[in-house]
Amino acid sequence: MATALPHLIPSRSAKRAHFDAESIYPILDEALFCTISYSVDNQPFSIPTSFVRYEDKIYIHGSVGSHFIRQIEKGIPVCITVMLVDDLVVAKSAFSHSVNYRSVVIFSKAEIIEDIDKKIESFEWLTNKIVPDSWEYLRPVKNNEVKKTTALAFSLDQASAKMRSGMPLDEEEDLELPIWSGLIPLSNKRLTPIADPRSENIPLPTHLQHL
């Protein structure tokens with residue numbers, strides 16, 4: 001992981017910032033979606049999309065006709081954000097409420113994946129991230145599907161993570177107040193799969209039985 005550039009150093013809560021791969025990669029690997037922000041003709045755009053990390057880059061894909069894809073594939077600067085929320089932090093004062101979170105901010109530019117094999121590989125990485133171990137089970141992708149899809153990679157050279165954990169940080173004079181404080185844990189997980197009508201008589205595949 002490259003040394004943080006000056007414009008990456010957070011202006012607030014700098015002590016929560018991390019620039020090492022050991023902090024950044026696990027957040028990216030757990031998160032299923034990111035938000036990609038960019039500007040065209042002074043008009044801001046912010047688009048949520050699924051992504052996958054492989055080594056020191058993240059990958060997305062989209063239709064070759066997508067306005068979003070057509071703009072960012074030109075190599076314009078983008079800001080990519082990811083946030084995972086672990087707990088709502090409930091303090092004795094509303095002004096001391098907080099959130100336990102893990103987040104990543106990336107400044108990068110898109111690289112078009114031209115090599116067909118690498119392109120298909122990136123589809124496999126993303127598919128297996130969203131639905132683990134499902135790529136080999138599914139119908140193989142068709143050549144025309146690959147041609148109609150753009151794959152883009154983004155370097156993580158300019159990435160930083162911020163995180164908070166722990167209990168509320170109440171003001172000293174509030175500590176003895178008879179007001180409950182603590183954490184409300186949040187969870188985002190895969191639940192039991194629900195078959196569509198055409199799959200009701202098809203056994204649930206092994207890779208979906210242990211999500």
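Strands here are DSSP runs of at least two residues (E), numbered from the N terminus. I'm keeping in mind that this is a predicted model.

**Entry 1: Asp-41**

I started with the backbone angles. Asp-41 has a positive phi of about 55 degrees, and it is not a glycine. Where does Asp-41 sit? I found Asp-41 in the loop between strand E2 (33-40) and strand E3 (43-50).

**Entry 2: Glu-55**

Next I looked up Glu-55. Its phi is near 55 degrees, again a positive value in a residue other than glycine. I placed Glu-55 in the loop between strand E4 (52-54) and strand E5 (57-63). The relative accessible area of Glu-55 is 53%, so I put this residue down as exposed.

**Entry 3: the glutamate patch**

I turned to surface charge. Which residues gather in a patch of negative charge? I noted Glu-171, Glu-172, Glu-173 and Glu-176, together on the surface. I followed up on Glu-171, which is found in the loop between strand E10 (159-164) and strand E11 (182-185). Why does Glu-171 count as partly exposed? Because its relative accessibility is 43%, and partly exposed covers the range between under 20% (buried) and over 50% (exposed).

**Entry 4: partners of E10**

Strand E1 (residues 17-18) runs antiparallel to E10, and 2 bridges join them. I picked out Ala-17, whose bridge partner in E10 is Lys-162. How many bridges link strand E7 to E10? I got 6, with E7 (residues 98-108) and E10 pairing in the antiparallel sense. For this pairing I wrote down Tyr-101, which stands opposite Arg-164 in E10.

**Entry 5: Ile-112**

Last, I went to strand E8 (residues 110-112), where Ile-112 lies. Ile-112 has a relative accessible area of 36%, so I marked it as partly exposed. I also looked up the spacing between Ile-112 and Phe-154. They are 42 residues apart along the chain, and their C-alpha atoms are separated by 9.2 Å.

Methods: Residues are numbered from 1 along each chain as its sequence is written. This is a predicted model: local features need pLDDT of at least 70, side-chain atom pairs count only at pLDDT 80 or more; totals for chains, interfaces and linings use all residues. Side-chain values use heavy atoms; hydrogens and water are left out. Helices (H or I, at least four residues) and strands (E, at least two) are DSSP runs, numbered from the N terminus. Buried means under 20% relative accessible area, exposed over 50%, partly exposed in between (1.4 Å probe, protein chains only). Patches are made of residues with over 30% relative accessible area and no salt bridge: like charges are joined within 9 Å, nonpolar side chains (Val, Leu, Ile, Met, Phe, Trp, Tyr) within 5 Å. Accessible areas come from the Shrake-Rupley method with a 1.4 Å probe; for residues, only the protein chains shown count as cover. A salt bridge is a side-chain nitrogen of Lys or Arg within 4 Å of a carboxyl oxygen of Asp or Glu. Lys and Arg count as positive and Asp and Glu as negative; His and the chain ends are not counted. The place of a charge is taken as NZ of Lys, CZ of Arg, CG of Asp or CD of Glu. Two strands pair if DSSP finds at least two bridges between them.
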